[in-house]
Amino acid sequence: MDKLLPMLGWLDQKQDEMLEAIIELCNINSYTTNLAGIAMVKEKLVDHFESLGGDLSLIDTEPMTSIGDDGCSSKQPLGEIIHIVKHPEASKKVMLCIHMDTVYSQDDEFQICRMTEGGQLNGPGVADAKGGLIVMLYALKALERSPLTGKIGWEVIINPDEEIGSPGSESFIRSRAPRCDFGLLFEPALPGGHMVSERKGTGNFTFIVRGKSAHSGRDFSAGRNAITALARLLDEIDRLNGEPDVTFNVGRISGGGALNMVPDLAVGRVNVRVKDLEEQSGVEIDFEDLVEKYNQLDGISVEMHGRFTSPPKPSDEAAQKVQRRISECGDALGMSFEFKGTGGASDGNKFADAGLPNVDTMGPCGGNIHSSNEFLIPESLVPRAKLAALTILSCVSDA
Ligand SMILES: [Zn+2]
């Protein structure tokens with residue numbers, strides 16, 4: 001490890017340059033469905049990452065299918081994926097991945113970066129995940145400048161749709177996962193610079209209930225009320241809460257119109273979190289049973305859409321091996337952090353499920369993500385780039 005540390009010295013003077021690149025990216029809105037903004041950020045990123053060499057290509061995503069409050073499905077196009085492969089002939093290969101989209105829409109007031117009095121950078125996506133994009137870039141720049149370049153192969157995936165669960169990039173992520181030995185994803189670190197060891201799985205489910213409309217005064221008994229059927233179904237789902245590791249959040253409902261009409265359509269949406277695959281399949285069975293039960297009601301039909309898009313990411317033996325390597329590199333750099341579990345999912349869940357052990361919080365330190373108080377700690381940029389670069393370089397010295 002000591003022989004490797006001098007190879008990282010080049011990064012020491014790079015904080016201002018990294019910060020400037022982050023501000024430039026964050027001042028362009030790249031809400032997942034803002035395709036013009038996503039395309040502009042993509043162009044900037046292509047300019048940055050082209051300097052690394054490697055085989056860069058742009059990959060089309062699959063359109064996202066969504067179900068409206070009218071119960072009908074529609075397709076929405078998403079942005080392109082940036083994919084780079086370098087040194088594919090090397091015996092060890094690492095996958096590096098992070099997203100370019102953010103959660104802030106074009107109408108949001110939060111659009112531009114500013115420095116706070118405490119010296120933090122406040123802005124949309126500064127930590128999640130445009131800071132991570134630049135940390136990843138500089139880690140690779142340091143690697144490519146080192147005398148060990150070419151001894152390890154690497155692959156970069158920058159996707160445009162992680163904030164909505166990567167519906168358009170999931171199949172590409174899964175297809176590339178088996179080609180590498182381990183993965184580093186650049187989501188922001190937890191407060192205090194800590195890292196995520198395991199993540200819950202998550203899925204969104206939509207229940208479309210159809211009944212029969214009728215005049216509420218003249219012919220009430222001929223109607224079949226879709227709203228009350230949905231309400232009972234959702235109440236049964238809410239009552240499944242209780243096991244600490246499985247949570248069901250009834251997040252949104254819609255239906256109905258004029259008050260003198262028995263409503264014939266209602267749509268309910270639920271987010272579910274599970275700790276392991278056993279719980280995941282338990283939930284799937286419960287939901288199928290509920291759908292079957294409510295379909296037996298006279299004049300009522302129920303359709304369920306959705307699935308667990310991010311299966312649980314356990315801290316298994318393969319994941320712990322990557323965690324240990326990163327901890328050793330952190331020790332060598334004088335950084336202190338721990339690995340902890342969290343309820344939130346990331347693309348790390350999908351990579352792990354597709355067989356690629358990974359650590360997904362290699363990005364910078366910051367906080368209050370997904371809020372207008374999102375911030376980045378500029379002093380964390382160089383150390384986190386060093387941590388990623390050293391983690392990769394340490395594999396070469398094992399080989
Ligand atoms: Zn993120």
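Me: How far apart do the C-alpha centres of domain 1 and domain 2 lie?
Reply: This is a predicted model: local features need pLDDT of at least 70, side-chain atom pairs count only at pLDDT 80 or more, and totals for chains, interfaces and linings use all residues. Residues are numbered from 1 along each chain as its sequence is written, and side-chain values use heavy atoms, with hydrogens and water left out. Domain bounds come from an automatic or database assignment. Between the C-alpha centres of domain 1 and domain 2 the distance is 36 Å.

Me: Which residue ranges make up domain 1 and domain 2?
Reply: Domain 1 is assigned two segments, 5–200 and 312–398. Domain 2 is assigned 203–310.

Me: How many residues does the contact take from domain 2?
Reply: Contact means heavy atoms within 4.5 Å. Domain 1 gives 15 residues. From domain 2 come 20 residues.

Me: What area is buried between domain 1 and domain 2?
Reply: Buried area is the accessible area (1.4 Å probe) that two parts lose on being put together, summed over both. Carbon and sulfur atoms give 48% of it here. The value for domain 1 and domain 2 is about 1400 Å².

Me: How many salt bridges are there between domain 1 and domain 2?
Reply: A salt bridge needs a side-chain nitrogen of Lys or Arg within 4 Å of a carboxyl oxygen of Asp or Glu. By this rule, the count between domain 1 and domain 2 is three.

Me: Which residues coordinate the zinc ion?
Reply: Donors are N, O and S atoms within 2.8 Å of the metal (3.2 Å for Na, K and Ca); water is not among the atoms, so sites may look incomplete. The donor spacing in sequence is H-x28-D-x58-E. At 1.8 to 2.1 Å, the zinc ion is coordinated by His99 (NE2), Asp128 (OD) and Glu187 (OE).

Me: Where does glutamate 187 lie?
Reply: Helices (H or I, at least four residues) and strands (E, at least two) are DSSP runs, numbered from the N terminus. Aspartate 128 is in helix α3 (residues 126–145), 59 residues apart from glutamate 187. Glutamate 187 lies in the loop between β9 (182–185) and β10 (195–199).

Me: What is omega of the cis peptide bond from aspartate 128 to alanine 129?
Reply: Most peptide bonds are trans. Alanine 129 sits in helix α3. For the cis bond from aspartate 128 to alanine 129, omega is near 5°.

Me: How many residues apart in sequence are the parts tied together by aspartate 353 and arginine 174?
Reply: Aspartate 353 forms a salt bridge with arginine 174, their closest N and O atoms 2.9 Å apart. Aspartate 353 lies in helix α8 (residues 347–353) and arginine 174 in helix α4, so the separation is 179 residues.
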